[in-house]
Amino acid sequence: MRTSTRELFAKHGWRVDRALHNYIYFVFYYPYVKTMYRLMKFISVYLYWFSPFRMVLNAAFNRYHSKVLTSGDAGKLFSINEDFRAISEKNKRIIPFKYAYRILLLGANHIAVMDCPCKKTLKDRDWSINSCIAVGKGIAGFWLDHGKKYNVRKIGQNEAMELIRLFRSRGYLTQAFFKVATGGSTGVICNCHPDTCVSLKATLFAKKIDNRLTMNAASGYSVMRDGSRCELCGNCVDTCPVNAVLICSEEIAYDRLSCLGCGLCADNCPRGALTLYRDSEKPLPLDLDMIKKD
């Protein structure tokens, strides 16, 4: 047994079932995600009326989810050179889900990237496939040992951030993923497009039947517009992944509550008319500096 596999099982302790789930999840990353996406879509569309299936769907949304990141908060994840542990239930103010909310980055300068199962499942463009990033010695090491069929490769912190910037310039938002079966903590950072991200698509399906269901926690920010700079070019409308911005009668209409605070509109505004501000009505940001001070 490889060292990374032993460490994976040790992380889960007596919960061998979760360790096996963790192993299967990453070793069979693409078929796992493809199968679960189709299953959850089928349940949400055809079987949500039946109580046992409703419980299955609700459980899935509590155990597999993401936190939207701004480019600034992502940059902090890719620049730390020390172990970072935040495992308190206080984290539910940041990641407002029932089970998986630990922020645990051990050996965070160990980073790997491999093919994204969501993009493969939903047929994204070829250039975008190699985009799923593992942060931390344990998870990155496991990917490097077991992910050759998914074109895994080791990268540095600067290259990881360059990938984030490239994808954000093309309309892909940044998300940190949390999953009970992988230890209930972050470590996977991905570049997600609403058309080719399983978690974003799953939330879209689920909200049609229950608006409370979501896999995606907002970043904690909202957007402020400087009217003196804005030329109503419509770039923010085209960029927003959740249609929170519209132009109506030569005016900007902004749905603050629907906005994920991803910052794509601000990053890509040609006039610098948009900025992010901390929104007290949304979850706290996954800002490592802020968490350290808490």
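This is a predicted model: local features need pLDDT of at least 70, side-chain atom pairs count only at pLDDT 80 or more; totals for chains, interfaces and linings use all residues.
1. Basis. Local features need pLDDT of at least 70, and side-chain atom pairs count only at pLDDT 80 or more, while totals for chains, interfaces and linings use all residues. Residues are numbered from 1 along each chain as its sequence is written, and side-chain values use heavy atoms, with hydrogens and water left out.

2. Strand β1. Strands are DSSP runs of E, at least two residues, and helices are runs of H or I, at least four, numbered from the N terminus. β1 spans residues 64-69. 6 of its 6 residues are buried, so β1 is largely enclosed by the rest of the structure. Buried means under 20% relative accessible area, exposed over 50%, partly exposed in between (1.4 Å probe, protein chains only). Tyr64, Ser66 and Val68 point one way; His65, Lys67 and Leu69 point the other way.

3. Partners of β1. Strands pair if DSSP finds at least two bridges between them. β7 (residues 173-179) runs antiparallel to β1, with 6 bridges. Tyr64 stands opposite Lys179 there. β9 (residues 216-217) runs parallel to β1, with 2 bridges. Ser66 stands opposite Asn216 in β9.

4. Helices α1 and α7. The contact (heavy atoms within 4.5 Å) is made by Ser4, Thr5 and Leu8 of α1 and by Gly141, Phe142, Asp145 and His146 of α7.

5. Glu251. This residue lies in strand β12 (residues 251-254). Glu251 counts as partly exposed because its relative accessibility is 48%. Beyond neighbours within four places in sequence, Glu251 contacts Arg225, Leu232 and Leu246. Gly227 is 24 residues away in sequence and 9.8 Å away, C-alpha to C-alpha.
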